[in-house]
Amino acid sequence: MEPVEVIEGPVSFLDRADVDTDQIIPKQFLKRVERSGFGEFLFYDWIRDGEIELEPNPILVAGRNFGCGSSREHAPWALQDFGFEAIIAPSFADIFYANCTKIGLLPLILEQAECRAVAESGAARIDLDDQTVDSAASGVVRFEIDEELKHRLAHGLDDIGITLRDVAAIDAFEAAGGADRGPVTTSL
Amino acid sequence: MARTMFDKIWDAHELGEGLIYIDLHLVHEVTSPQAFDGLRLEGRGVRRPDKTVATADHNVPTDGTAAARLIVDQLSRVQVETLERNCEEFGIPIYSIGSDQQGIVHVIGPELGLTQPGMTIVCGDSHTSTHGAFGALAVGIGTSEVEHVLATQCLVQRRPKTMRISYSGELGHGVTAKDMILATIGRLGTGGMVGHAVEYAGGTVRGLTMENRMTICNMTIEGGGRAGMIAPDETTFEWVEGRPGAPAEFDAAVDEWRELPTDEGAAFDTEVEVDAAALSPMVTWGTNPGQVVEVTGAVPEPASETEERALRYMDLEPGRAIREIELDRVFIGSCTNSRIGDLREAAAVVEGRKVASTLSAMVVPGSAKVKAEAEAEGLDEVFRAAGFDWRSAGCSMCLGMNPDTLSPGERCASTSNRNFEGRQGKGGRTHLVSPKMAAAAAIEGRFVDIREWS
């Protein structure tokens, strides 16, 4: 994945709470076996029904508990493919948050009032290294992010590659009997 | 130091900070194709195919289609065939369409005895929390994580906080596990459990069957929880014993499992108490599972823009009595409520009665085995005689990735887990209820208080 450094530009605002991944990418588009090309199906029904308008800006400001529901990674794929590089919200659903971090789509948590200020500003600058968001109405506000995760995002590191660097630890865990729980699925 | 059940399982599987070893990886056709592509791209293999198992469920037509190549919808066919090919290439056992072990992934895991206490279990599906009913740590993951687990048999996780929800008192007549979890989500909200591994405890939970416990853990994700868990006990051991995946040294395994329950005095980050005796049958009125009221209640005044929008979508006005809401469809099925116990409960309500002429109703068993078991007991005849459509196993109308969908504007009483906009079909309106409540609603054509039926 691409390293995340500074994300700067116009802001789109989706002023709704509890937006679920069924809305972000409806089920009929989950039948594809490819990983790309989901952007055109983003918020398929809401956009086509005229419920919302959304510009493909670098930054999306969303409402609380964004991305709740299904674990479909197709949701972050669609948001990223549409053009978003960062999503700012007061809170995220757990699986959605993790999914975003796996593809270098920066999920960022700010207070509700700060989110609103960034949205009203219409444009913002996010600096991952400094852990700040800067916009006209919000001023410079700091955000929290897990150190490990920040490092991985900043360097565009692939999780699997990192884990496999220490494959000896997995070998040792298995050799010591740590992996003996559970059934052998191949011999049922 | 006193530890929670979550702590014990986490500690036994953490081989580096935040790196968790996975004992069982369940795979299905929707969230895995890109993960297998990723492996091929990097020249990586599947580390432990013997800890992995696959089935086809989301895309499967429930009309008895006997093989992947016979699926009419081209995209669905390609997705299921892709899964079959990937499993063959990487040596992963698969129960695909046509197999007598096929079914919804969260139904077949427990059914085959693959789900056992003390295990870590993942699947590229948010309802993986279901398996926590056995005292396992089971989490839903995305496709990148599916690829990670395939390649390494490990998962990178931030340690969640812990929450205990304790239920006391005896459930009233007609009140079920589904009502317990709907009422709990209604109280805590759809984000109320975010960041937490949730343990469901208390005397009420101890009295529940495994199927009931799975219903509760299944819907943990609807409260935003990372995992839902219930301590294993005799009920759990009895379920696992004798199943194909059960440990050969069963007694020794049970001795270990008895060590899993939360120690007395262990601290949780959050504690919640629920008086289960005071619960009523529940019905959702809105477009998330937290928008729920008692069946005797009415559609509430909207308290936010979100709720106003939900009412518009659902075409309901505040003050409308739940029991006056008329229905077009009834769906009994899904990973929440499609096990033999669920079907028995629904059949007992239906027996000797007729589905209202104003609606169509369907029952979709969770697995081929549940279907066979139900037919051996004659439940299919009970449902058919009443006018229900009796289908084959799959996710069916829970999410409309197969031919079973709602048409725009149709209103459905559903035993599934999500009433999101368009979830069961674009423009479809979903009300979540228990199997008993769905069965009674099918007979009356509108919601009824099941407690008034003897």
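## Helices α14 and α13 of chain B

The buried residues of α14(B) pack against α12, β16 (360-363), α13 and β17 (389-390) of chain B, where helices (H or I, at least four residues) and strands (E, at least two) are DSSP runs numbered from the N terminus, and a residue is buried if 20 or more other C-beta atoms lie within 10 Å of its own, exposed if 12 or fewer, and partly exposed in between, with C-beta atoms placed from the backbone. The model is predicted, so that local features need pLDDT of at least 70 and side-chain atom pairs count only at pLDDT 80 or more, while totals for chains, interfaces and linings use all residues. Residues are numbered from 1 along each chain as its sequence is written, and chains are lettered from A and ligands numbered from 1 in the order in which they are written.

The buried residues of α14(B) are Leu379(B), Asp380(B), Val382(B), Phe383(B) and Ala386(B). They lie on the same side of α14(B), because they cover an arc of only 160° around the axis, the arc being that of the directions from the helix axis to the C-beta atoms. Just after this helix, Gly387(B) has a positive phi of about 105°.

In α13 (residues 368-377) of chain B, the buried residues are Ala368(B), Lys369(B), Val370(B), Lys371(B) and Ala374(B), and they pack against α4 (105-111), α12 (340-350) and α14 (379-386) of chain B. Gly378(B), which follows α13(B), also has a positive phi, near 85°.

## A parallel sheet in chain B

Five strands of chain B form an open sheet with parallel pairing, in the order β5-β4-β3-β6-β7; two strands pair if DSSP finds at least two bridges between them. The edge strands, each pairing on one side only, are β5 (94-95) and β7 (137-140) of chain B. Strand β4 (residues 52-55) of chain B pairs with β5(B) in the parallel sense over two bridges, and Thr55(B) stands opposite Tyr95(B) in β5(B).

Chain A holds eight helices and seven strands, and 48% of its 188 residues count as buried. Its C-alpha atoms fill a box of roughly 55 × 40 × 25 Å, taken along the principal axes.

Leaving aside neighbours within four places in sequence, Ile88(A) is in contact with residues including Ile59(A), Val61(A) and Leu108(A), contact meaning that the C-beta atoms, placed from the backbone, lie within 7 Å.

Most residues other than glycine have a negative phi. Asp18(A), in the loop between β1 (6-14) and α1 of chain A, has a positive phi near 55° and counts as buried, with 25 C-beta neighbours inside 10 Å. Gln131(A), in the loop between β5 (123-127) and β6 (132-135) of chain A, has a positive phi of about 55° and is partly exposed, with 14 other C-beta atoms within 10 Å.

## Where the chains meet

In the interface, 47 residues of chain A are in contact with 65 residues of chain B. On the side of chain A that touches chain B, the largest share, five residues, comes from α4(A).

How values were computed
Two residues are in contact if their C-beta atoms, placed from the backbone, lie within 7 Å.
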